[in-house]
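Thanks for coming, everyone. Let's take a quick look at this one together. I'll start with a pocket and then turn to helix packing.

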Amino acid sequence: MNKDEYQIEGFSFRSREDYQRAMKEKETVAYLKANTRPGDGKALLKVYNRSIEKESFRTVIGIEYLVELRKQLIASGIVTADALAPVPVRSGTVSESGKDTYSASIGLEQQVKRYKAAYESARVGRAVKNMTIIILLVVIFVMVFMTYKSQYSVFTYFTNYKEDMRNELIDEYEHWQQELEQKEQELDDREASLQDTGK
């Protein structure tokens, strides 16, 4: 690969190391863009702050992404420009910073893996939360339905349920009294017929 081939998105890099670092940052940016919703300001702010804190981006490719993120965050009104940490710009390149290129690319790969792991755990957590909410809603619906179908429930509490209960008791008592009177009548009739037979 000659020097003319160290180009990405219109930027030319001086060394193979800088080019490789920029390629890694391009992959990371593509992954973050694919897995972060543009309207999710909290997620964007988290990505921005973590990228600044970990110094994830050092080439123009990554710095452009951070600048774009910064503009989106300010435009959304989630944070003010003063509240956001500034985008750090290094005067040297990766190869000039004195760091081993291999360890720098491994560090970037580890950061990409950490971002992927954090995204996956957040997605799983969101799925579990949604499933729990659905289950709770179903349970609440079933309880409300059962209560609604019940004769005496929360829905009938403020109606005449006491009056209804009293009427039921009175009806039951009257029915019982009628049965008693009927049995008494039967006994009287039997007794009268026994007396008539005895004469």
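**The largest pocket**

This is a predicted model, so keep that in mind. The largest pocket has 17 residues in its lining, and Asn-35, Thr-36, Ala-43, Tyr-119 and Ala-122 are the ones nearest its centre. Its volume is about 460 Å³. Which helices supply the lining? At least two residues each come from α1 (16-35), α2 (41-54) and α4 (101-149). By class, the lining of this pocket has 9 nonpolar, 6 charged and 2 polar residues.

**Helix packing**

Now the helices. Take α2 and α3 to begin with; α3 covers residues 60-76. Their axes come within 10 Å and cross at roughly 140°. An angle over 145 degrees would count as roughly antiparallel, so α2 is oblique to α3. The crossing is left-handed. On the α2 side, the contact includes Leu-44, Leu-45, Val-47 and Tyr-48. On the α3 side, Tyr-65, Leu-66, Leu-69 and Arg-70 are among the residues. This contact has 9 nonpolar residues, 3 polar and 1 charged.

Next pair: α1 and α3. How far apart are their axes? The distance is 8 Å, and the packing angle is about 30°. Angles under 35 degrees count as roughly parallel, and therefore α1 and α3 are roughly parallel to each other. From α1, the contact uses Ala-22, Glu-25, Lys-26, Val-29, Leu-32 and Lys-33. They meet Ile-61, Gly-62, Tyr-65 and Glu-68 of α3. Here the classes come out as 5 nonpolar, 4 charged and 1 polar.

Note on methods. Residues are numbered from 1 along each chain as its sequence is written. This is a predicted model: local features need pLDDT of at least 70, side-chain atom pairs count only at pLDDT 80 or more; totals for chains, interfaces and linings use all residues. Side-chain values use heavy atoms; hydrogens and water are left out. On a 1 Å grid over the protein atoms alone, a cavity is a set of points where a 1.4 Å probe fits but cannot get out, and a pocket is an open set with protein on both sides within 12 Å along at least five of seven lines; lining residues have an atom within 4 Å of a point. Grid points are joined across faces, edges and corners, and a volume is the space filled by probe spheres set on the points. Helices (H or I, at least four residues) and strands (E, at least two) are DSSP runs, numbered from the N terminus. Ala, Val, Leu, Ile, Met, Phe, Trp, Tyr, Cys and Pro count as nonpolar, Asp, Glu, Lys and Arg as charged, and the others, Gly among them, as polar. Axes are lines fitted to C-alpha atoms, for helices over the stretch in contact, and angles run from 0 to 180 degrees between N-to-C directions. Angles under 35 degrees count as roughly parallel, over 145 as roughly antiparallel, 65 to 115 as roughly perpendicular and the rest as oblique. A crossing is left-handed if the near helix is turned anticlockwise from the far one by less than a right angle, and right-handed if clockwise. Contact means heavy atoms within 4.5 Å.
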